[in-house]
Amino acid sequence: MARYGMVVNLDRCVGCYNCQIACKDEHVGNDFLPVAKSQPAFGQFWMAIQEVERVVSPSHIRVNYTPVFCQQCRDAPCISAAKDGAVYRRGDGIVIIDPVKAVGQKQLAASCPYGVIFWNEEQQLAQKCTFCAHLLDDGWKEPRCVQTCPAGCLNFGDLDDPASPAAKLLEETRAETWHPEFKAKPNVYYAGLPKPMLSGRVLLADKNEWAENVSVTLTDKAGLKRDCITDAFGDFAFDGLEQKTYTLKLEAPGYAGQSNEIAVNPDISYLGNIVLRR
Amino acid sequence: MEQTVNAGTRYSTSDEQRFVNCTLSGPVEVYVKAGRIVRIVPLTYGQDDAAAWTMEARGQTFTRPTKASVSCWVQGSKQYVYTKQRLLTPLKRVDFDPDGKRNPQNRGISGYEPISWDDALGIVSKEIIRLKREHGPSSIAVTGSSHDSWGNIGYRMSALDRFWNLVGCTWIDHNPESWEGFFWGAIHQWGFYWRLGQPPAYDLLHDTFQNTDMIVFWSSDPTTTSGDYAWNETDTWRFHMKKLGIKFVFIDPYCNFTAVIGADKWLSPKPGTDTALALAIAFIWMTEHRYDQDYVRTHTEGFDKWKAYVLGEDDGVPKTPQWAEQISGVDARDIIALAREWAGKRTTLAAGGRSGMGHAGRAAYGHEWARMMVLLVAMQGLGKPGVNMYSTTGGAPADWSFYFPGYADGGISGGSSGPRELGPRGFPDKAVHGTVRQRVNRSVFPEAVMNPPVSWTGVYGFYGQSTEQQFMKCTFPFEGYSPIKMLFRQGSSYIGTMMNTNRWVNMYRHPNLEFTVNQTIFNEPEARFSDIVFPVCTNFERVDIGEWARISGYSRHLNPVNARVIVLQQKCIEPLGESKSDYKIFSLLAERLGIKQQFTEGRDELQWAHRMYEVSDLPKVMTWEEFQKKGYYVVPVPKDYKYKPAFRAYYEGRAKENDEWGPSLQDQPVNEGKGMATPSGKIEFESQSLKRFDPNDPERPLVPHYIPSWEGHTTTELLGKYPLQLITPHPRFTFHSQFDGKDLWNDEIPHQRRTKDGYRYWVIRLHPKDAEERGLKDGDLVKVFNDRGTVILIVTVTLRMMAGVVHSYSSGGGYDPMGEPGNPKTPDKGGTINQLTSSRFNSKHASGMGPGSCLVEVQKWEGAH
């Protein structure tokens, strides 16, 4: 039996919102019993995009888009919260809220730590992403959000089948589950979740010009080293760090080197202009 | 959409019918059950379709995706079809009586009543006959909107043109509004009038992959403006470019949507100062000898004249980085670093998406910016491997020897102003040409109606026939022709897309306009100012034929998509309510005017589609029956495809190798088969065409200058009253006004609209400093205003915005005045940001729009008092 899952490659998300809307296209106005009843036309999102602006430097801003949807957990809190077996896991791993049995079970919406179960007031029903199980059962290879994703952010497949796109990507990337502290064991993995960063700009004091090709080295307490060189704008950045203290070293021929202890914060630590003098 | 279908125990799509259609952003499959659309899915290519092309570059392989991509608003087309904003019957304004009181002053105020098609067609045909008898056909002004529903038969250049050229009318000329600067400026540096000033993109995807080290995106957001109809189709290209190590630098007051996923650097000049930045870059190159001096000597003319200006030899002002910093606010050290990096690497310039579609070219003296963009790439050797003008939204490999027309080839009108390839193939049987010589520029249309005479330069459509076309001085009414008495509008609303649009509102309420008709899909702003409204069905409710993203004409072989997909646009469902296709409506009107046979040539839409199939190359690969059944054809790229990057032949001094239909032979003293379409045949730093036309124009001098904006950071008096510069780029989550303000799913995207107290407001973006100074926080409602209008918007506070500048996307589809329409003091909740933009031309002789030069103030909105 398959174990359906998703690997979300955040580095390939362009923020087009096609996934959010394809989900509506599939589920608004359509009942797919016994898997799902229709999604309200507005205000609820079984698939949604969350955006975070990250300032690498004032002249380098990134937006991290994160598709947010049912994580199809193996230890799903919604299953524990359900009465009469109204939420169940199928043999292929997909967690389904039974649209008949679950009527009136408002507690299901609150049970999800990821906040991806919606309370449909009109139908008195808790609802969420089904991985488009009705389509998979009909022979489709992927849910609608994945089908419409233009740039390879959403990748679907059998995580136990090494040949599936999702399993391959899981193998290639350092994809991880989102909020492991919820201990729900999701079958959805994210590659490229934001990590602590360290960035800065280097200026040559004597020329009053940005310093290109300055060697920048970052060393942690265990002696693990990473390095880069500044670009034409004097910029440097290290991504994928941990929230801890590092030693930052700058070296440029003809200039006095610098070495500083830097406590990296959970998001981006931008050091501003670092001035090198002869 | 309360209705539900597919209730049952075992679901299968095999119980549904499947159709293929083509939309404004791509081919789709449409699933239908019981006459109702179930889902709309971007087309996935099949095993029997043409194989994907691949590209090798720098040891990596890139191949096209296995499916087509569409925009979010096309992905949401089901809601577009079934929204309550659809017009389902013909309407008549309640206090409009063609035989009695017309009450034009009540347009936009009075309500509507449904009437029968018979009555609606009767009123309109009677008015057409009356006006032609009394004033001649030139008293009727007609225009369609850009980017209406897809399909070569129903498109405005096809059905609308054929019908109205048979009837006779004064055409309202569209301006090259998305890239004004390139049209009014770049043409004078490098020709390309048959591309309206924009460059070709042949094979530049491959060239970029292979050779480019850095791309400078200047006023350019390709993931947003894409290649017009390609939308998300080019995103994979830029991911691959990043993978290949190509550096991206962005120049834009807003850290745009491409920048926030791909930028290595973002520089933000004040709006209207991009030319100062460009001059300082040229200054560094000249003074540090960091440009291709051989190329400048052999491939260009007049460099010394520009050099004298840049170095300040003629005006005493050297255009140093420090000088540019003072003007633009960009750190001089950044300018120096950029100039050196640019010169040191193989750098391609993406000036605008496609080219020129940023706001920098749609502003005061936007032509000076576009001219400088050409000159900067010329200094670095335009056409050299990796050095080009390319927006990363075109130039995918394609086999153009396979003939199928684009919409600009004119469809059933037979009246293309482009390459004229369709007519000789026998399509249509008889071409139709309008004989009314009077035209009117759309930008001044309200004044032409309300207060003629009015003057401008440039005439006849998109002005792509010759450089001189843009110099023609016109005064409306043309001698011997009638003023405007009637307006016939097809397609979506201009109240969101034109400049200073309270002018449009007031025009509609003016007694000079005796009669107005709107033929459109939705109950949208402009429809609510019309006397008679014809309800049109969507492209899912009629037959048509078309190729994805294929424009042709002035955008020849642009190819912003990964595959040429030619689609028989199948009718998926019956037209909703009493709505009808544009073609059908024109047929019915033609019948009442006695010209049905001339209009239809005896064909319905399917027969026209069949005829277009016949004259194309499709019969070589597929029978009509097969094409009807399958619904599409993917044109293969030959295995031995030979890359011929744009400008490479020019760079190497060889004969032209790309398939261009311009310049005309008349424009070439001797046909040498190479060179640029400028008087000298080279890139001209000093423009010879401008020298012929008006050598002393201080607003468009012979070499491009930095000229402070007529409304901007140096217009100090106005700045005191309205201290914020407003930019209004093309929207990311709608296509003009078509997909906004209609209860669509993209309304829920927080960059498009945000809901407050149950109302969806259009968004304005502010830097935290500007917000704080005004006591504003994210999610507040604000009144944004100047002397031209007042708009209520919702605030998004973001560091992506430079301080002192605010950003709100142009061309929303809402207009919801809380009081007398057209009054600049009346707050509009609908978010018609273009109420605030100026209708002043780019410059004296350049009749392009300049919304990028606009000052406003923003205040907290506490509600109407």
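Guide: The axes of α10 (residues 274-287) and α13 (residues 321-328) of chain B cross at roughly 170 degrees and come within 8 Å. Such axes are lines fitted to C-alpha atoms, for helices over the stretch in contact, and angles run from 0 to 180 degrees between N-to-C directions. Helices (H or I, at least four residues) and strands (E, at least two) are DSSP runs, numbered from the N terminus.

From α10(B), the residues Ala276(B), Leu277(B), Leu279(B), Ala280(B) and Ile284(B) meet Pro321(B), Trp323(B), Ala324(B), Ile327(B) and Ser328(B) of α13(B); two residues are in contact if their C-beta atoms, placed from the backbone, lie within 7 Å. This helix contact has 9 nonpolar, 1 polar and no charged residues, where Ala, Val, Leu, Ile, Met, Phe, Trp, Tyr, Cys and Pro count as nonpolar, Asp, Glu, Lys and Arg as charged, and the others, Gly among them, as polar.

The model is predicted: local features need pLDDT of at least 70, side-chain atom pairs count only at pLDDT 80 or more, and totals for chains, interfaces and linings use all residues. Residues are numbered from 1 along each chain as its sequence is written, while chains are lettered from A and ligands numbered from 1 in the order in which they are written. Chain B has a mean pLDDT of 95, with 98% of its residues at 70 or more; pLDDT is the predictor's confidence in each residue, from 0 to 100. Residues 1-8 of chain B have pLDDT below 50, and this stretch has 24 contacts in the model beyond near neighbours in sequence. For the complex, the predictor gives an ipTM of 0.97 and a pTM of 0.97.

On the scale of domains, chain B is assigned domain 1 (91-175 + 408-550 + 571-630), domain 2 (196-396 + 645-674 + 684-693) and domain 3 (716-860), with bounds from an automatic or database domain assignment. The centres of domain 2 and domain 3 of chain B, taken over C-alpha atoms, are 29 Å apart. Between these domains, 22 residues of domain 2 of chain B contact 22 residues of domain 3 of chain B. On the domain 2 side, α7 (222-225) and α15 (366-379) of chain B each supply at least two residues, and the classes on that side are 11 nonpolar, 8 polar and 3 charged.

Towards the other chain, 47 residues of chain B are in contact with 39 residues of chain A. Elements that each supply at least two residues on the chain B side include α8 (235-243) and α14 (332-344). The largest share, 6 residues, comes from α14(B). By class, the chain B side divides into 22 nonpolar, 15 polar and 10 charged residues.

Elsewhere in chain B, three strands form an open antiparallel sheet in the order β21-β22-β23; strands pair if DSSP finds at least two bridges between them. Both β21 (544-547) and β23 (632-635) of chain B stand at the edges with a single partner strand, so one side of each lacks a neighbour in the sheet.
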